[in-house]
Amino acid sequence: DEIRECFKGVARPNDADIFEHDAEGAEAGFFGRCWSELSAHSLDYHAHVLSRFSPVGFHYFLPAFMIAAVEHPELGLKDVVLASLCPPKGATSRPSFARHWALLGEHQRQTAIRFLRHFAHLNPIGLQESARALELAIAE
């Protein structure tokens, strides 16, 4: 699977570095855990933490959320993951977005764009515009 392959070399961050904001008790679900061992249902239950990760926490745990969203579309994860990958108002330079995006390697960025396109039927204009903005950012 492309997502697993392109994120397999990402180093697990120290527990103290995973969250940037209060995780509201979800820490136990992520501390000391490898992203590949997290269940889709656990990720769905803790979906709110995707916006609370530090950039290194986001980079490390993003593939778990992406895979769960693709393999379990019946869960609400896809909306949370899509929102986390879409630059606000198409502006990839916004600090809140850029800090997370900057850690993704070239292949990971391309995979994220393909993820957006995979779900483009849900919001054809918005997701396509986001994917295009990300492609332009890569080209710069």
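Me: Which element gives the most to the lining of the largest pocket?
Reply: Helix α5 does, with four residues. Helices here are DSSP runs of H or I of at least four residues, numbered from the N terminus. The model is predicted, so local features need pLDDT of at least 70 and side-chain atom pairs pLDDT 80 or more, while totals for chains, interfaces and linings use all residues. Residues are numbered from 1 along each chain, and side-chain values use heavy atoms, without hydrogens or water.

Me: What is the volume of that pocket?
Reply: The largest pocket has a volume of about 240 Å³. (A pocket is an open set of points on a 1 Å grid where a 1.4 Å probe fits, with protein on both sides within 12 Å along at least five of seven lines; lining residues have an atom within 4 Å of a point. The volume is the space filled by probe spheres on those points.)

Me: Which residues are closest to its centre?
Reply: Of the 14 lining residues, Ser51, Ser84, Ser96, Phe97 and His100 are the closest to the centre. Two or more lining residues come from each of α4 and α5.

Me: Which residues of α4 are buried?
Reply: In helix α4 (residues 77–85), Leu77, Lys78, Val81, Leu82, Ser84 and Leu85 are buried, that is, under 20% relative accessible area with a 1.4 Å probe, protein chains only. Viewed down the axis of α4, these buried residues fall within an arc of 160°, so they line one face of the helix. The arc is taken from the directions between the helix axis and the C-beta atoms.

Me: New topic: how many aromatic pairs are there?
Reply: The structure holds 11 aromatic pairs, meaning Phe, Tyr or Trp (six-membered ring) with ring centres within 6.5 Å; planes under 30 degrees apart are stacked, over 60 edge-to-face, the rest tilted. Phe30 and Phe65 have ring centres 6.4 Å apart and planes at 10°, so this pair is stacked.

Me: What about Phe97 and Trp101?
Reply: Their ring centres are 5.7 Å apart and their planes at 25°, so Phe97 and Trp101 are stacked. Both belong to helix α5 (residues 95–101), four residues apart, about one turn of the helix. Phe97 is buried at 6%, and Trp101 is buried at 6%.

Me: Which residues do ring pairs link into a cluster?
Reply: Phe19, Phe30, Phe31, Phe53, Tyr60, Phe61 and Phe65.

Methods. Buried < 20%, exposed > 50% of the residue type's maximum accessible area, 1.4 Å probe, protein only.
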